[in-house]
Amino acid sequence: VTDQLFLVRLRHEYVERDDDRHLQSPSLVKAFDSAVAARDYLDALDARSVCPPPPISALGAFAQLAPEVGHGAFYAWLRSADGSVQERFVSSIAQLCSLGEEGFRERVRSVGLALPQALPGTKGQPYIPWHVWWREVVGKSTEAQRLPLWAALDRVSYFEVTTVPCEL
Amino acid sequence: MARVQKAYVVQRLDWQYNDNWWDINELEPVKAFTDRERAERFRLELELEKRGDCTFSPAFYAGGLRRASSRSEAELRRELEAMCLPLPPLDQDHELDWSDGDWWRAVLALVADPSAPAYYARLTGKKLSPAMYERALAVSPDQLWALFDRLRFYELVEIELERP
C-alpha cells in the first residue's frame, strides 16, 4: 500500500564550511499521516509550547561568536519584522534571540545549565562551539530545561512540513 | 488518542559541487516505510545504483579524507594492504593522493571484475602472488566502499509516526 506521510522537519541549514559535518543534528522531527495534525504540531513548535525531541538541535553547526573562517559559519531562517522568513547568514547568538546574547546566557543559567566555554580558534581568535554545547549539554537536559531555551531563540523559524510517499 | 509508532524515512543526500568538491546541499525525503527491513532494502538499492554512477574517489567527492571516512589514514592504509589492494599514488608532496580518481576507478574495477589482474600490475608495477591475488579478488565493492563510510548518498532515519 502506498500512501503519503507529512514530515515535520528542520528547515534546511546550509553550512558554509564545517570540517566535521557529523556535528549537525538530525533534521526530521516527527511524521504524521494527517496534514492537519502535522500543521498543528508545527504551530505548537513555532509557538514554543512544545519542543522537539533531544537529537534535534536549535544551533545546528553554529560554532562562533565572531566570524572566523573555518568554524561553522551558517545560515538560519530568520523572521523579519513584517512576518516574512528569510535565510540569512548568522554570526552571533544575538541574531537568533531578541533577548540578546547576554539575555540568552542568563536564560541558560536560569534553567540550571552550564554555559559553553570559548576555545582557541585556528587563527588565534577564541570561538564558542555552541553546536557541541547544545548536543552535549542541552541535548541531555530535561524538557523543562530545553523548552525555555527554544523559546529564547525566538527570531528563528526552525520548522516546516514536507510530504513523502509512504509504503505502509 | 493518537497512536505512536515508528516510521523509517529514506533520505537522499544531495551532494553538489562547490567549485572545489561536493558538499551535502540538501536532504530530500524519498520514501517512508513502517517496516525497517523494507526501508533498508530500498535504501541499499538506491545507494548501490548511485555508487555505480560515482566515478570520483570518495576523498575527492567529500572534500578530504576525514570527511570521507571515520578511519585514520593509517587505518585505511592497513586495511587496504590487508585486502591486498593497491594504495593511492603519491602526490607531489610524497603523500598518498586519496583524491586520485584513476586509482579509485582501477581499485573498483579490480574488486568488481575477476578478469582484471592487469590493473594491479599497472598501478603498482608489481605482481601479486596467486594467494594474495585471491585475497584481493575476495574483496567486494561493498567492503571497499565501507572504508569510506562517511560518503553516503542515502540515509535511513527512524522517527515517530503519529496516527489517529
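The model is predicted, so local features are reported only at pLDDT of at least 70 and side-chain atom pairs only at pLDDT 80 or more, while totals for chains, interfaces and linings use all residues. Residues are numbered from 1 along each chain as its sequence is written, chains are lettered from A and ligands numbered from 1 in the order in which they are written, and side-chain values use heavy atoms, with hydrogens and water left out.

The predictor's confidence in each residue is given as pLDDT, on a scale from 0 to 100. Chain A has a mean pLDDT of 84, and 82% of its residues reach 70 or more. Helices (H or I, at least four residues) and strands (E, at least two) are DSSP runs, numbered from the N terminus. Over residues 16-23 of chain A, pLDDT stays under 50, and the model has 24 contacts (heavy atoms within 4.5 Å) beyond four places in sequence for them. Over residues 66-71 of chain A, pLDDT also stays under 50, with 18 such contacts beyond four places in sequence. Where pLDDT is low, the predicted coordinates should not be read in detail.

The interior comes next. A nonpolar core is a set of buried Ala, Val, Leu, Ile, Met, Phe, Trp, Tyr and Cys residues joined through side-chain atoms within 4.5 Å; buried means under 20% relative accessible area, exposed over 50% and partly exposed in between (1.4 Å probe, protein chains only). The largest such core has 39 residues, and those with the most contacts inside it are B:Trp15, B:Leu85, B:Trp98, B:Leu144, B:Phe148 and B:Phe153. Helix α5 (residues 101-112) of chain B gives the most to this core, with six residues. A second, separate core has 37 residues, including A:Tyr41, A:Ala76, A:Val90 and A:Ile93.

Aromatic side chains can be followed in both chains. Rings of Phe, Tyr and Trp (its six-membered ring) pair if their centres lie within 6.5 Å; planes under 30 degrees apart count as stacked, over 60 as edge-to-face and the rest as tilted. Over all chains, the structure holds 20 aromatic pairs. One of them joins A:Phe32 and A:Tyr41 in a tilted arrangement, 5.4 Å centre to centre with 45° between the planes; A:Phe32 and A:Tyr41 are both buried. Another, between B:Trp98 and B:Trp103, is edge-to-face, with 5.7 Å centre to centre and 85° between the planes. B:Trp98 counts as buried because its relative accessibility is 6%, and B:Trp103 counts as buried at 1%. These two tryptophans belong to one aromatic cluster, whose members also include B:Trp15, B:Phe56, B:Tyr61, B:Phe148 and B:Phe153.

Some rings also carry a charge above them, a term used here when NZ of Lys or CZ of Arg is within 6 Å of the ring centre and within 35 degrees of the ring normal. In chain B, the charged end of B:Lys50 sits over the ring of B:Phe153, 5.7 Å from its centre. In chain A, the charged end of A:Arg11 sits over the ring of A:Trp77, 5.3 Å from its centre.

Finally, side chains of opposite charge can pair when their charged atoms come close. In one of them, A:Arg105 meets A:Glu101, with the closest N and O atoms 3.1 Å apart. A:Arg105 and A:Glu101 are separated by about one helical turn, because they lie four residues apart in helix α2 (residues 100-110) of chain A. A:Arg105 is buried, with a relative accessible area of 15%, whereas A:Glu101 is partly exposed at 23%. B:Arg43 and B:Glu47 form a salt bridge at 3.5 Å, N to O, and both residues are buried. A further salt bridge links B:Glu155 to B:Arg152, the closest N and O atoms being 3.5 Å apart. Shared partners join B:Glu40, B:Arg43, B:Glu47, B:Arg51 and B:Asp142 into one salt-bridge network.

How values were computed:
Salt bridge = Lys/Arg side-chain N within 4 Å of Asp/Glu carboxyl O.
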